Amino acid sequence: MNAIIVSALLGVVMMFSGILLKNKSSLKYIAIGGLLLLLIANLFQTYGVYTIVVNSHDLLRFQKFGLFFNSIAISATLIYVILSGKDIENVGNYPAEYFALIFFVLCGVSILCGFNSLLMLFLGIEILSIPLYILTGADKRNLKSNEASLKYFLMGAFTAGIMLMGIALIYGATGSFGITSPVFINTPTPGSAPKASFLEIAGVLLLFVAMCFKVSAAPFHFWTPDVYDGAPSVFTSFMATVVKAAGFFAFIRLLEGQTAILGPTWKILLSFVIISTLLIGNITAVFQQSVKRMLAYSSIAQAGFMLFALYSFNEVAKEGILLYAAAYSLATIGIFAVLIKLKDYTLDGFNGLAKTEPVLALTATICLLSLSGIPLTAGFFAKYYMLASVVKTGTGLWLVIVAVLFAAVSVYYYFRVIQAMYFREGVSETTEITSGFKAGLIFVAALIVLIGVLPSLLLNYFYF
Amino acid sequence: MIPLLLILIPLLSGLAVFLLKDSPSSKVFALVSSLATLVLSLMAVFTKGALTYDAAWLPGLGSRFSLLQDGMSKMLSLLTAISFPVVFAATYKNVYQRSSAFYGLMLLTQAGLLGVFLASDALLFYFFWELALIPVYFLCSIWGGEKRIAVTFKFFVYTFIGSLLMLVGLLYVYAQTADHSFAMQSFYHANLPGHAQNAVFALFFIAFAIKMPIFPFHTWQPDAYEQSPTAVTMILSGVMVKMGIFAVIRWLLPMVPQAVQAHSIFVVTLSVTGMIYASLIAIRQDDIKRLIAYSSIAHIGLMCAAIFVQNQIGLEGVMIQMFNHGINVIGLWILADVIEQQLGTRKFSELGGLAQKAPVLAILFVIMALANVALPLTNAFVGEFLMFNGLFQFNGWVAAIAGISIILAAVYTLNMIQKIFYGNTVEKTFEAVEVSGNVQWVLSILVLIVLVMGVYPQPMIELTKDTVSAIFANR
């Protein structure tokens with residue numbers, strides 16, 4: 001609850017500070033301070049200290065898992081703003097609004113971390129999405145940015161409709177917006193399995209489709225490459241990390257109790273989605289020349305791995321999704337921060353970066369190694385937990401094998417960037433790079449390696 | 001404590017070398033560090049009994065930082081510890097751009113290799129397995145030959161696919177262990193049912209077969225050996241391929257004995273096919289590096305076959321041969337490098353009559369080459385004799401077919417010696433001079449090992465006896 005209130009208030013504060021403050025470069029520091037405040041507020045709640053006690057009538061229910069996830073999301077945003085704050089200011093004329101919108105997105109994330117009712121889910125998703133439509137179109141004079149924004153908005157609106165339809169059907173079948181357990185109609189003959197009503201099944205499926213859209217799982221991923229490519233790169237970084245991870249969290253929370261009514265069909269359906277996501281994300285990424293677009297497809301591919309948490313739904317999967325969210329966000333924020341500084345977003349733009357900017361090249365390499373899941377980086381344990389959670393269920397070993405083969409494919413396109421930086425001749429041109437930025441990058445890289453060696457540092461915290 | 005230090009010394013000094021700006025001191029530093037490792041590994045060899053180290057690492061996952069140095073590990077860490085100073089000394093005159101990065105990555109590779117040989121926790125083993133690969137990828141891609149980027153990438157992707165499949169296998173066995181732990185003993189006692197054993201066998205074996213490499217997973221190897229900088233090639237063929245063989249003995253044999261039994265004839269057939277196939281290709285080569293690469297595939301094939309025949313004498317042969325093949329092949333690479341550095345070519349067709357110009361080089365080369373053919377009195381003879389003995393006990397026909405490869409080895413090796421060293425001097429060899437002092441020293445040490453091990457192999461058999469008998473004790 002703390003985080004929802006504080007983030008909404010901070011959004012308003014940021015908007016007004018844009019009017020009151022003449023010096024625009026101080027906005028970044030206000031945002032950083034606000035994020036720290038938000039993080040502290042959220043941590044307070046984790047340990048049972050509330051700013052305002054609100055009776056939400058069980059529409060919201062905060063558990064440690066959700067609060068911890070929220071802390072990760074806020075921390076990731078904090079790192080993101082520290083690294084790329086300057087670039088956010090440079091996108092357009094109204095930087096205060098961008099920061100405000102980021103806080104509103106975090107408000108949506110906070111709701112998604114604690115929703116206990118389908119209504120709250122819908123609210124959270126919308127509060128999260130609408131600022132993103134604006135941020136995507138923030139580069140007003142760029143036609144691609146406008147196109148991306150409109151596309152995202154229309155598709156998003158359409159999905160919102162599907163989601164509402166699903167919620168309506170479930171409400172019609174069960175008379176409740178609760179997400180905890182599906183309602184079974186008891187069959188008249190004792191001994192036979194209870195059945196769920198058709199309305200409810202249809203509702204759950206529609207919700208599944210809508211959430212697949214939000215986390216860009218195939219075959220509902222078509223918006224992702226265009227939107228990620230068209231949006232200003234700083235905001236792509238934010239969308240691909242914090243927002244996506246929050247979508248996954250909501251996905252898991254939503255369907256955890258619901259899949260039982262789909263019976264064995266659920267695993268078949270999900271396997272289809274996982275494999276097509278991995279296939280489309282990885283194979284298409286191989287053919288990209290623009291690194292930004294490659295990262296868009298790679299985010300689809302990574303979503304395929306995160307979907308494993310839905311397949312297994314066990315403790316390992318829960319720990320894993322936290323770790324995955326942290327590892328994936330850190331690495332993607334890092335690589336995007338480097339990408340933004342380059343003048344040329346194609347692979348050739350990276351040529352020879354190791355000679356001109358060795359620190360950038362090294363940290364980008366660590367981020368890429370983490371994304372490809374090489375041991376000693378956080379990405380390895382992220383993938384490890386996902387695979388382990390499925391192996392633990394005792395079924396779906398074939399799915400795991402398919403997934404690791406696609407992970408090997410992913411090495412191809414991630415390493416092409418490393419090859420460009422280290423092994424190819426060229427003079428990579430960058431905009432001005434401050435030593436503070438370098439220090440930030442080194443911090444991110446160190447964090448990735450630290451989690452990669454001792455993931456328990458992050459996860460043990462979860463149990464205290 | 002010794003096992004831990006064996007990993008820490010190269011790891012920390014490797015990281016430290018990165019900090020030295022490209023000064024010549026990085027070379028000295030790397031050499032000193034590798035000598036320190038050598039001293040430690042000798043101490044380990046002369047300590048009785050298995051050495052262990054154990055510390056908490058990932059309690060939530062049931063994985064500990066535990067190391068075990070039994071006979072086989074002692075032998076392989078000795079090989080690793082000998083190889084690196086030898087390689088550093090032999091290539092001492094080579095000049096590398098960004099030399100601190102080069103030596104740093106080399107030492108990190110050594111840390112990874114030693115970790116693989118010492119780890120007694122499956123997840124830790126996997127970590128080091130990958131840690132050994134990543135620095136090699138950078139070494140080959142930065143300092144390699146003309147086609148280095150594509151070739152190294154092929155090598156990397158090949159082995160990475162293998163590692164990932166192994167990871168799935170590890171996770172599967174882990175889920176079946178009674179106490180949910182990655183410890184070696186838990187893996188040994190996982191008692192998998194028959195069909196699960198077959199699946200796990202397949203997942204692990206592909207990873208190890210790619211690493212060794214055995215036919216038909218060998219296609220990355222000749223290109224990678226040819227394109228890598230020679231110092232790295234020495235490590236790749238001398239030590240790194242032993243990772244695959246080591247892993248089969250350490251993990252696969254005790255973990256899934258039934259599946260190994262069931263697939264032994266299949267693997268032996270593959271290995272023997274690969275031996276003959278690689279030997280035939282080696283005959284057709286015109287390039288020293290590629291010839292050694294193919295001959296190495298043949299030797300590894302024999303070792304793999306000798307493991308899967310599953311008798312004591314064969315396995316003893318493998319143990320000795322792992323060490324000896326490492327020594328011999330590194331010697332050959334050093335000589336190939338000397339010839340290439342001096343004359344600018346590796347093609348037999350452009351060489352000839354070198355023995356008149358450089359007699360010491362010729363003598364050293366001939367001894368190393370004969371050791372490669374496993375002539376009696378050289379070290380390789382003992383190992384191959386034991387391995388063929390094991391093969392014969394398994395199946396006479398298999399031993400006979402595999403035996404053809406010895407004849408073929410003599411054909412290509414003697415052919416190479418003849419074309420390079422005898423006949424008339426040609427344009428390129430006209431200006432040839434004798435090998436430099438440091439290379440002579442290094443090679444004399446290797447020759448000494450070759451001869452001593454050829455005449456008196458008993459200490460090495462004794463050293464690895466505990467591992468061999470432990471494997472057969474449970475049957």
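User: In which loop of chain B does B:L377 lie?

Analyst: B:L377 has a positive phi of about 85 degrees although it is not a glycine. This is a predicted model, in which local features need pLDDT of at least 70, side-chain atom pairs count only at pLDDT 80 or more, and totals for chains, interfaces and linings use all residues. Residues are numbered from 1 along each chain as its sequence is written, while chains are lettered from A and ligands numbered from 1 in the order in which they are written. With helices (H or I, at least four residues) and strands (E, at least two) taken as DSSP runs numbered from the N terminus, B:L377 lies in the loop between α15 and α16 of chain B.

User: Is B:L377 buried or exposed?

Analyst: A residue is buried if 20 or more other C-beta atoms, placed from the backbone, lie within 10 Å of its own, exposed if 12 or fewer, and partly exposed in between. B:L377 has 12 other C-beta atoms within 10 Å, so this residue is exposed.

User: Is B:A374 buried or exposed?

Analyst: B:A374 is located in the loop between α15 (359-373) and α16 (379-394) of chain B, and has a positive phi of about 65 degrees although it is not a glycine. Because 26 other C-beta atoms lie within 10 Å, B:A374 is buried.

User: Are α11(B) and α17(B) roughly parallel or roughly antiparallel to each other?

Analyst: Helix α11 (residues 257-283) and helix α17 (residues 396-421) of chain B pack at about 20 degrees with their axes 9 Å apart; axes are lines fitted to C-alpha atoms, for helices over the stretch in contact, and angles run from 0 to 180 degrees between N-to-C directions. Angles under 35 degrees count as roughly parallel, over 145 as roughly antiparallel, 65 to 115 as roughly perpendicular and the rest as oblique. Therefore α11(B) and α17(B) are roughly parallel.

User: What is the handedness of the crossing of α13(A) and α16(A)?

Analyst: The axes of α13 (residues 315-341) and α16 (residues 378-393) of chain A come within 8 Å and cross at roughly 155 degrees. These two helices, α13(A) and α16(A), are therefore roughly antiparallel. A crossing is left-handed if the near helix is turned anticlockwise from the far one by less than a right angle, and right-handed if clockwise. The crossing of α13(A) with α16(A) is left-handed.

User: Which helix gives the most to the side of chain B that touches chain A?

Analyst: In all, 22 residues of chain B are in contact with 22 residues of chain A, contact requiring C-beta atoms, placed from the backbone, within 7 Å. On this side of chain B, α5 (122-143) and α6 (148-176) each supply at least two residues. With 12 residues, the helix that gives the most is α6(B).

User: Which residue is the bridge partner of B:L58 in β2(B)?

Analyst: Strands β1 (residues 51-58) and β2 (residues 63-69) of chain B run antiparallel and are joined by 7 bridges; strands pair if DSSP finds at least two bridges between them. Their hairpin has 4 residues between the strands, and B:G62 takes a positive phi near 75 degrees. In β2(B), the partner of B:L58 is B:S63.

User: Which residue does a cis peptide bond join to B:F215?

Analyst: The bond has an omega of about 0 degrees. In the loop between α8 (194-211) and α9 (220-227) of chain B, the residue joined to B:F215 is B:P216.

Note on methods. Two residues are in contact if their C-beta atoms, placed from the backbone, lie within 7 Å.
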